Amino acid sequence: IEDYLRYVRDSPREVGTLYKELLIGVTNFFRDPEGWEVLRQHVVPEVLRSAGPGGSVRAWVAACSTGEEAYSLAMLFAEGMDAVGLRCDVKVFATDIDKDAIEYAGAGVYPESIAADLAPERLGRFFVRMGDRYQVSRALRETVVFATQNLAKDPPFTRMDVVTCRNLLIYFQAP
């Protein structure tokens, strides 16, 4: 450990590698479907009804990684507006400490393997096929605002209707 500590002190490149290794960048669309189903059935309709026609909805996805959670939430709100028959201005603010992950998320381009995580209806509605990849539709991308944020130092977003932090919770253990 002492040798590695010396190496880290002398190698800025290794500091970057270590930093990336500490971040958990593994996520997918609608991970843990039971939780998303609760949001779809109970939370999204209530938030939309509270906002009312022409109102606004603000959601925050803390520790969004490469964007799947943020886009999943945006999809639920788009579908929810159809289900309750009203239109609102929905903005999903998605933040992460990893600027590379934020850039990836903002582009919204994912491998074709995402088809395993998404119903064909969602894939057809919210994505555009680009060869062996899929890009999030422009309309959905415009719903989500990505930004870098260090939750330990930067202030949180305020006046939110919904806050999710499912990727963040991976870092915490019961003790």
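## Terms and basis of the model

A residue is called buried when its relative accessible area is under 20%, exposed when it is over 50%, and partly exposed in between, with a 1.4 Å probe and protein chains only. Phenylalanine 146, with a relative accessible area of 17%, is therefore buried.

This is a predicted model, in which local features need pLDDT of at least 70 and side-chain atom pairs count only at pLDDT 80 or more, while totals for chains, interfaces and linings use all residues. Residues are numbered from 1 along each chain as its sequence is written, and side-chain values use heavy atoms, with hydrogens and water left out.

## Confidence

The predictor's confidence in each residue is given as pLDDT, from 0 to 100. The mean pLDDT of the protein is 90, and 91% of its residues reach 70 or more. Helices (H or I, at least four residues) and strands (E, at least two) are DSSP runs, numbered from the N terminus. Among these elements, E5 has the highest mean pLDDT (98), and helix H2 (residues 12-22) has the lowest (67).

## The nonpolar core

A nonpolar core is a set of buried Ala, Val, Leu, Ile, Met, Phe, Trp, Tyr and Cys residues joined through side-chain atoms within 4.5 Å. The largest such core has 39 residues, and those with the most contacts inside it include Phe29, Tyr71, Phe77 and Phe146. Among the elements that give two or more residues to this core are helix H3 (33-51), strand E1 (56-62), helix H4 (68-84) and strand E6 (144-148). H4 supplies the largest share, nine residues.

Contact means heavy atoms within 4.5 Å. Leaving aside neighbours within four places in sequence, phenylalanine 77 is in contact with Val44, Val47, Leu48, Val57, Val90 and Val162.

## Helix H3

Just after H3, glycine 52 takes a positive phi of about 75°.

The buried residues of H3 are Trp36, Leu39, Val44, Pro45, Val47 and Leu48. They pack against E1, H4, strand E7 (162-164) and helix H8 (166-169).

## Arginine 122

Arginine 122 lies in helix H6. Is this residue buried or exposed? Arginine 122 has a relative accessible area of 18%, so it counts as buried. Not counting residues up to four places away in sequence, arginine 122 touches Phe30, Arg40, Met75, Leu76, Glu79 and Phe127.

## Aromatic pairs

Rings of Phe, Tyr and Trp (its six-membered ring) pair if their centres lie within 6.5 Å; planes under 30 degrees apart count as stacked, over 60 as edge-to-face and the rest as tilted. The structure holds 10 aromatic pairs. One of them joins tyrosine 4 and tyrosine 7, which is tilted because the planes stand at 40°, with ring centres 6.4 Å apart. Tyrosine 4 is partly exposed at 35% relative accessibility, and tyrosine 7 is partly exposed at 45%.

Tyrosine 71 and phenylalanine 146 form an edge-to-face pair, with 5.4 Å from centre to centre and 65° between the planes. Tyrosine 71 lies in helix H4 and phenylalanine 146 in strand E6, so this pair ties together parts that are 75 residues apart in sequence. Tyrosine 71 is buried, at 0% relative accessibility.
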